[in-house]
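Please look through the model shown here. The paragraphs that follow take up a pocket, a pair of strands and a set of aromatic contacts.

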Amino acid sequence: MHKKIMAAAGGGDRLTDLPEEILLYILSMLPNSRQVVRTSVLSSQWRFLWKSVSASLDFNSEDYRKPYKKIYILDYAASVNRELHYWRSCEKIKSFRVFPYSYQDFIAHDVDLWVHFALNIGKVEEFTLKFCYFDSLDFAYKFPEFAYTNTVLRNLVLGFCRLRPSGNVKWSNLVSLSIGDAGMTEGVMEKILSGCPILECLELDKVVGIRRLEISSVKLRKLVVTIYETESADDDQDYCVEIHAPHIRHLELSGLCYDKIHFQLRNVASLVTAVLSLNVYFFDLEENLEKECRYLQELLHHVANVKNLELGPWCIECLSILEFKGWHVPPSSWKFLKLNAALEQYDYPGICSFLSSSSGLETLVIDWCHPKPRELLSMYTNEDERRRRFETHSFNCSLPHLKFFKFINFYGKPSEKKFVHPLIKCLCKNATALKKSVIACNFRRRDVFWNYVVRRS
């Protein structure tokens, strides 16, 4: 890099003579902040120029992911501390991201120093602290009390951190908050939301302990919740995460829901976009299959008026069962629909059933590259009945507003999958306003995967 810059400068004169604003802009285009610092050796005029460039610090633990030993964790902490010593003199640090491999009590002081550096010394706008590996939430890092008051931070990402503020939370400038792998009470969640008056996006990734999530802020428009439980609830009552968010515009629900542990939407009247990427595993499936289907029906009822909808493989499976039972999806108002389906013919009835209620649809995307979690349909009907229903199934619907459809991650040729060709044929026939269609396929020939795209414009 030194030779390239000096050559471009014709010995250093022309480059050094540029206005400082242009030099700072050039430095800001370098890939990372460490390269910016290295330019200080180019000339005496450049020695301190790097300090005026907005820096982004990123400390991952890839080099320290060796078999777990105390020395490796200490080495990582020491390496971060060494670099932060030099970055203290930087005038502007925009972001600070640190990803320790594991948290242990013997690095608690080091982590406190990183948080102090980010919020009080660097005054960063974006801060990420995520521990990559952990044994139990009971041993999570305790987020320090001083960190609950900050007027500069705009984006905060925390993973495996214990949030227990003794006083009020004051994150007056925070716009985006992501909390993962944490235990939290509803009271703490209420404190956090109350202390973030302009928060726009909230992400809760495997946060346990909250049964009722109530969001009343008109500013908070995007909510992403991932639930993951390996066992059913300890008591006999359902463990439901109730979501009351009347002003939310974008909602994503994902994760694994077991038996009595699942979501319930109570008030999401303002939704525009909904993503349902759940995998639901109810124990004693033969007894609870009906319950799974009712659960999907309830979710679809709450998102019937959204404009943009995305469904995961479990939703498609249940839709096929409901279609076999004679249930039809109520008329909806969505304009954009994405279906993440497994590449199996028995998804066809569910997909067709859904499209039949989508007369206002303008854009359709089907992503086939998704593994099927279980063969639910095989538990509901026998092979002969499924084949008969598939062969006699007719796709009758009107899609007068569909302008674009796209099939992606399709492995094999469409002609090799007997359920894909009739679907494409019906779409082309019923979509009278269709302007463009794309089918992106991968197929194997002599151990080589080829990709081709079929377009209709």
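Helices (H or I, at least four residues) and strands (E, at least two) are DSSP runs, numbered from the N terminus. The model is predicted, so local features need pLDDT of at least 70 and side-chain atom pairs count only at pLDDT 80 or more, while totals for chains, interfaces and linings use all residues. Residues are numbered from 1 along each chain as its sequence is written, and side-chain values use heavy atoms, with hydrogens and water left out.

Helix 7 (186-194) gives the largest share of the lining of the largest pocket, five residues. A pocket is an open set of points on a 1 Å grid over the protein atoms alone where a 1.4 Å probe fits, with protein on both sides within 12 Å along at least five of seven lines; lining residues have an atom within 4 Å of a point. Strand 11 (212-214), like helix 7, supplies at least two residues of this lining. The lining comprises 16 residues, and M189, E190, L193, E214 and I215 lie nearest the pocket centre. The volume of the largest pocket is about 280 Å³, taken as the space filled by probe spheres set on the grid points, which are joined across faces, edges and corners.

Elsewhere, strand 18 (residues 336-340) pairs with strand 19 in the parallel sense over five bridges; pairing requires at least two DSSP bridges. L337 has L364 of strand 19 as its bridge partner. Four of the five residues of strand 19 (residues 363-367) are buried, so this strand is largely enclosed by the rest of the structure. Buried means under 20% relative accessible area (1.4 Å probe, protein chains only), exposed over 50%, and partly exposed in between.

The whole structure has 13 aromatic pairs, where rings of Phe, Tyr and Trp (its six-membered ring) pair if their centres lie within 6.5 Å; planes under 30 degrees apart count as stacked, over 60 as edge-to-face and the rest as tilted. Y103 and F131 form an edge-to-face pair, at 5.3 Å centre to centre and 70 degrees between the planes. Y103 lies in the loop between strand 2 (93-99) and helix 6 (108-121), and F131 in the loop between strand 3 (126-130) and strand 4 (141-142), so the pair ties together parts that are 28 residues apart in sequence. F131 is buried, with a relative accessible area of 4%. The rings of F131 and F160 have centres 6.3 Å apart and planes at 80 degrees, so this pair is also edge-to-face. F160 is buried as well, at 2% relative accessibility.
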